[in-house]
Amino acid sequence: MRTIQLFSRSGLAVAAAALPLTLASPAAAAWNSGISVSTSGSNVSVTTTTCTPFNGSLGNASLLSGGQANFTQGRLAMLTGSNISQSGAWSNVSPGTYTVVVVCANGSTAGTQTIIVSGNSTPTISATASPSRGVMGGVGGSVEHYGTITFAVGAALVAVGAVATGWYLRRRTKPYRL
């Protein structure tokens, strides 16, 4: 009974400690933001379902870089789409950390999300020259040349180990000896 109470108390303590960390994580913030942002190379796109048409417009999205704090300071993109889904996109975005803010045409904020643009997604191919003689296995092998004394001491240690192993196995087969 005491063990069950101890485990339940420690489980509740762990859950209480993990809850604020889970709620503060970026994934939890992005899940509740109302927008979905994706990057592909130097292209950034945002999608939302919360904006409705107002005076013939769906709203705008802004891509804010590090020093920008105001919606109008960022790169603006007009939202396009329908009543069900709205989207905006930016191209040729340089690598860095950005904040995407979506404001609907009626003035309400659909959400904000921070993203990291890593740049060009296409890999660069570089050719390297292969060795002319291939891999030379067995030649060299060490960086430092060890002297005769080192090899003699190593051989003596191997010999002592072999003799000790033989002695141990011989004594083990005759249990009546001490």
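**Strand pairing, core and disulfide in the predicted model**

Leaving aside its neighbours within four places in sequence, V46 is in contact with I35, S36, V37, A61, Q86, S87, G88, W90, V100 and V102. The model in which these contacts are found is a predicted one. V46 is also listed, together with V44, W90, V100 and V102, among the residues with the most contacts inside the largest nonpolar core, a set of 19 residues. The elements that give two or more residues to this core are strand 1, strand 2, strand 3, strand 7 and strand 8, and of the contributing elements strand 7 gives the most, with four residues.

The protein chain as a whole has three helices and eight strands, and when read along the sequence these elements follow the pattern α-α-β-β-β-β-β-β-β-β-α. Of the 178 residues of the protein chain, 19% count as buried. Among the contacts in the protein chain with a separation of 6 or more, 53% are accounted for by residues 24 or more positions apart.

Four of the strands are arranged in an open sheet with the order 1-2-6-5, in which the pairing is antiparallel. Strand 1 (35–40) and strand 5 (80–81) stand at the edges of this sheet and have a single partner strand each, so that one side of each is left without a neighbour in the sheet. The pairing of strand 5 with strand 6, the latter comprising residues 86–90, is antiparallel and extends over two bridges; G81 has Q86 in strand 6 as its bridge partner.

The structure holds one disulfide, which is formed by C51 and C104 with their sulfur atoms 2.0 Å apart. C51 lies in the loop between strand 2 (43–48) and strand 3 (59–64), whereas C104 belongs to strand 7 (residues 96–104), so the pair ties together parts that are 53 residues apart in sequence. The torsion about the S-S bond of C51 and C104 is about -75 degrees, and the disulfide is therefore left-handed. With buried defined as under 20% relative accessible area, C51 is buried because its relative accessible area is 0%, and C104 is likewise buried because the corresponding value is 5%.

Notes
Residues numbered from 1 in each chain as written. Predicted model: local features only at pLDDT ≥ 70, side-chain atom pairs only at ≥ 80, totals over all residues. Heavy atoms only, no water. Pairing = 2+ DSSP bridges. Disulfide = S-S within 2.5 Å. Buried < 20%, exposed > 50% of the residue type's maximum accessible area, 1.4 Å probe, protein only. Contact = heavy atoms within 4.5 Å. Core = buried A, V, L, I, M, F, W, Y, C linked by side-chain atoms within 4.5 Å.
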